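The sequence and structure come before the description.

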Amino acid sequence: MSLPPPPASPLVDEPLPQPQRFGPAELARLTAMVQQPSLFYWKGPQTTALVDEFRRHYPLKHCLPCSSGTAALHVAVSALRLRPGDEVIVPPISDMGSYIGILYQQGVPVFADVDPRTYTLDPADVRRRITAKTRAIMAVHLAGNPCDLAALTALAREHHLALIEDCAQSWGARWQGQPVGTLGDFGCFSLNDFKHIGCGDGGIVGSNSERYGPGLNNWADKDYGRTEGGRDPETLAPNYRISEPQAAVAAAQMTKLPDIIARRNRAGELLTSLLAGTPGVQVPLVRAGDTHSYWFYMLRLELSRFSQPRAELAAALTAEGVACSVLLLRKAAYRWAVFQNHDIFGGTWPARDAGFTTMDYRQVTCPTTEAILDDCLKLPINEAMTEAYIGKVARAIRTVLARHAK
Ligand SMILES: *Cc1c(COP(=O)(O)O)cnc(C)c1O
């Protein structure tokens with residue numbers, strides 16, 4: 001069916017506010033940096049400053065800045081020293097970066113379903129997926145909403161599993177008052193250009209574990225053992241080093257974190273309060289005592305209550321100036337071609353071909369994940385949004401949905 005022409009004056013009559021992300025703080029660090037004799041990360045002043053700033057928010061004993069969030073997660077997985085076929089339980093709504101390290105280490109990502117209201121790992125389904133080969137759970141705090149860490153840490157303890165927190169989307173989020181990334185064995189963060197704070201590309205992995213923490217550096221630096229001063233790699237590890245230019249920008253960004261998180265949290269909570277009770281809308285659930293840091297905002301639509309399919313509703317919202325998308329999270333990860341075709345290395349998956357696993361991703365289904373991806377609506381949140389702007393967005397959503405109610 002054809003859409004009505006866009007309204008002359010949309011309900012959201014101003015463009016999406018854009019924050020000024022970089023400025024004098026970044027410039028000051030970069031200026032200091034170019035006076036340095038070296039831009040190498042090891043003992044570099046900018047990298048040291050980045051770790052110090054990071055620790056103000058995340059009191060982790062062992063911290064390693066590296067080249068990306070994917071690298072941070074790969075370092076964590078490497079530290080587990082998986083054997084081929086060992087399993088890591090993961091959610092199916094995440095970035096490819098959550099899965100890459102597992103596959104490179106010849107491990108097997110095992111998908112567990114998510115909770116229908118928080119969109120994060122459902123501990124009951126995680127429990128069902130645990131086998132004798134399970135080594136770890138990867139808790140992705142999707143969009144900035146803390147996972148059910150009480151249940152996941154208890155499960156990990158009971159089954160002697162490591163808990164890796166993927167905090168790429170959850171800078172500043174808190175589980176029962178404690179920063180996410182400090183509760184598991186590893187906290188892994190991304191500093192890519194799209195995250196709450198960024199330096200183009202970068203990442204950090206931190207750990208309080210005496211078992212895994214001391215070796216983190218080796219897993220991102222060719223197993224060169226810089227602390228021992230030797231060059232005698234004992235095992236295979238890539239080069240995932242950060243460098244001083246990235247660290248300079250990231251160290252400056254880190255000082256802005258509390259303000260960015262406070263603003264995003266207020267924006268997200270305001271949107272929830274303004275949308276609560278809207279017929280056909282299910283706002284995201286944040287558990288009492290938790291702090292969501294809103295990398296984005298995701299709600300669900302009860303599509304049976306509307307006369308139009310989701311794509312038409314999204315188009316009608318866009319016509320009223322609501323920045324929303326239904327496209328970014330189109331498929332559960334196990335439906336991506338890389339998993340469906342088991343094309344891990346040159347069209348083959350050695351771990352499976354050699355009999356270390358019988359995983360067949362074409363057989364995997366996570367019904368709640370698929371339901372969410374079929375009816376969700378993703379809205380941007382950022383620290384530049386004013387209360388007035390969010391008020392307009394909420395009013396436009398309520399108005400458009402009422403127009404299309406059955
Ligand atoms: C962004 C992201 C990653 C990967 O981070 P990069 O820095 O892009 O490598 C991993 N997991 C999640 C959940 C992410 O959002």
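A charge is taken to sit over a ring if NZ of Lys or CZ of Arg is within 6 Å of the ring centre and within 35 degrees of the ring normal. In this predicted model, Lys195 lies over the face of Trp295, at 5.2 Å from the ring centre. The charged end of Lys378 likewise sits over a ring, that of Phe296, with 4.5 Å to the ring centre.

Contacts between rings come next. Searching the whole structure gives 20 aromatic pairs. Two of them are set out below.

| Pair | Centre to centre | Angle between planes | Geometry |
|---|---|---|---|
| Phe54 and Trp171 | 6.2 Å | 90° | edge-to-face |
| Trp349 and Tyr361 | 5.6 Å | 25° | stacked |

Planes over 60 degrees apart count as edge-to-face, so the 90° between the rings of Phe54 and Trp171 places that pair in this class. Phe54 belongs to helix α2 (residues 45–57), whereas Trp171 is in the loop between β5 (162–166) and β6 (174–175); the pair therefore ties together parts that are 117 residues apart in sequence. Phe54 and Trp171 are both buried.

For Trp349 and Tyr361, the planes are 25° apart and the pair is stacked. Trp349 is found in the loop between α11 (337–340) and α12 (350–353), and Tyr361 in the loop between α12 and α13 (367–375), so this pair ties together parts that are 12 residues apart in sequence. Trp349 has 1% relative accessibility and so counts as buried; Tyr361, at 1%, also counts as buried. Both residues are members of a cluster linked by ring pairs, which also holds Tyr99, Phe111, Tyr334, Trp336 and Phe339.

Helix α2 also takes part in a pocket. Together with β1 (62–66) and α7 (216–219), α2 is one of the elements that each supply at least two residues of the lining of the second largest pocket. The space in this second largest pocket is about 430 Å³. Its lining has 19 residues, of which Trp42, Cys63, Leu64, Asn217 and Thr227 are the closest to the centre. By class, the lining divides into 8 nonpolar, 8 polar and 3 charged residues.

In β5, 5 of the 5 residues are buried, so the strand is largely enclosed by the rest of the structure. Ala162, Ile164 and Asp166 point one way from β5, Leu163 and Glu165 point the other way, and all are buried. Strand β4 (residues 134–140) runs parallel to β5 and is joined to it by 5 bridges. Asp166 in β5 stands opposite Val140.

Technical notes
Residues numbered from 1 in each chain as written. Predicted model: local features only at pLDDT ≥ 70, side-chain atom pairs only at ≥ 80, totals over all residues. Heavy atoms only, no water. Phe/Tyr/Trp six-rings, centres within 6.5 Å; stacked < 30°, edge-to-face > 60°. Helix = DSSP H or I, 4+ residues; strand = E, 2+ residues; numbered from the N terminus. Buried < 20%, exposed > 50% of the residue type's maximum accessible area, 1.4 Å probe, protein only. 1 Å grid on protein atoms, 1.4 Å probe; cavity = no way out; pocket = protein on both sides within 12 Å on 5 of 7 lines; lining within 4 Å. Points joined across faces, edges and corners; volume = space filled by probe spheres on them. Nonpolar A, V, L, I, M, F, W, Y, C, P; charged D, E, K, R; others polar. Pairing = 2+ DSSP bridges.
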